[in-house]
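Student: I would like to work through this structure by question and answer. Where do we begin?

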Amino acid sequence: IDGWLSPDSRQLLFTVELADGSAKNISNDTLEWALLAKPYASDSDAIVSGSDPGVEVRTDVGDPTDGEFRVDIDQGTLTGEWGEYHQRVVVDPPDDSRQTWQGRVTLTDGD
């Protein structure tokens, strides 16, 4: 994500797929999202995460049986942050391996 004005709200849409490209049913999985200053930082070092006020990981806006979920970041949650960050998504099924993805996010201060 490039050019995200940090004070602005944002909705991040995700679709989880299996190796063959088919949708993964995430209905029973634990989903996590975090914004980190460094790509391999620990979750405790997150700038914000799904457990913080103003951030919500939601499966009720898509179809979790088709691997769809959304992360909502409220207006003002990231005010004052700017620069390059890394988002991390974790899908943790109850009886399978925990899966993690990350991607670069560039925040601008909006001033």
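Tutor: Start with a definition: a salt bridge is a side-chain nitrogen of Lys or Arg within 4 Å of a carboxyl oxygen of Asp or Glu. Keep in mind that this is a predicted model.

Student: How many salt bridges does the structure hold?

Tutor: The count rests on that 4 Å limit between nitrogen and carboxyl oxygen. For the structure, the total is nine.

Student: Which residue meets arginine 58 in a salt bridge?

Tutor: Arginine 58 lies in strand β5, and the partner lies in strand β6. The N to O distance is 2.9 Å. The partner is aspartate 72.

Student: How many residues apart in sequence are the parts that arginine 58 and aspartate 72 tie together?

Tutor: Arginine 58 is buried, with a relative accessible area of 19%. Aspartate 72 is buried too, at 10%. One sits in β5 and the other in β6, so the pair ties together parts separated in sequence by 14 residues.

Student: What is the strand order in the open sheet of three strands?

Tutor: The pairing is antiparallel. On average, neighbouring strands are turned by 15 degrees against each other, direction ignored. The order is β2-β6-β5.

Student: Is lysine 24 buried or exposed?

Tutor: Lysine 24 is placed in the loop between β2 (10-15) and β3 (30-36). Its contacts beyond four places in sequence include Val16, Glu17, Pro64, Asp66, Val91 and Gln99. Buried means under 20% relative accessible area. Lysine 24 has 10%, so the residue is buried.

Student: What is the distance between the closest N and O atoms of lysine 24 and aspartate 29?

Tutor: These two residues form a salt bridge. Aspartate 29 counts as buried, at 13% relative accessibility. The closest N and O atoms are apart by 2.7 Å.

Student: Which residue forms a salt bridge with arginine 88?

Tutor: Arginine 88 lies in strand β7, and its partner lies in the loop between β3 and β4 (48-49), so the pair ties together parts that are 45 residues apart in sequence. The N to O distance is 2.7 Å. The partner is aspartate 43.

Student: Is aspartate 43 buried or partly exposed?

Tutor: The 20% limit for buried settles this. Arginine 88, at 11% relative accessibility, counts as buried. Aspartate 43 has 37%, so this residue counts as partly exposed.

Student: Which residues are linked with Asp43 and Arg88 in a network of salt bridges?

Tutor: Asp43 and Arg88 pair with each other. The network also takes in Glu32, Asp92 and Arg98.

Student: Which side chain makes a polar contact with the side chain of glutamine 87?

Tutor: Glutamine 87 is in strand β7 (residues 83-92). At 11% relative accessibility, glutamine 87 counts as buried. Among the residues touched by glutamine 87 are Ile1, Leu12, Phe14, Ala34, Trp101 and Val105. The polar contact spans 2.9 Å, and the partner side chain is that of tryptophan 33.

Terms used
Residues numbered from 1 in each chain as written. Predicted model: local features only at pLDDT ≥ 70, side-chain atom pairs only at ≥ 80, totals over all residues. Heavy atoms only, no water. Helix = DSSP H or I, 4+ residues; strand = E, 2+ residues; numbered from the N terminus. Buried < 20%, exposed > 50% of the residue type's maximum accessible area, 1.4 Å probe, protein only. Polar contact = N/O pair within 3.5 Å; in protein donor to acceptor, adjacent residues only side chain to side chain. Contact = heavy atoms within 4.5 Å. Pairing = 2+ DSSP bridges. Axes fitted to C-alpha atoms, helices over the stretch in contact; angles between N-to-C directions.
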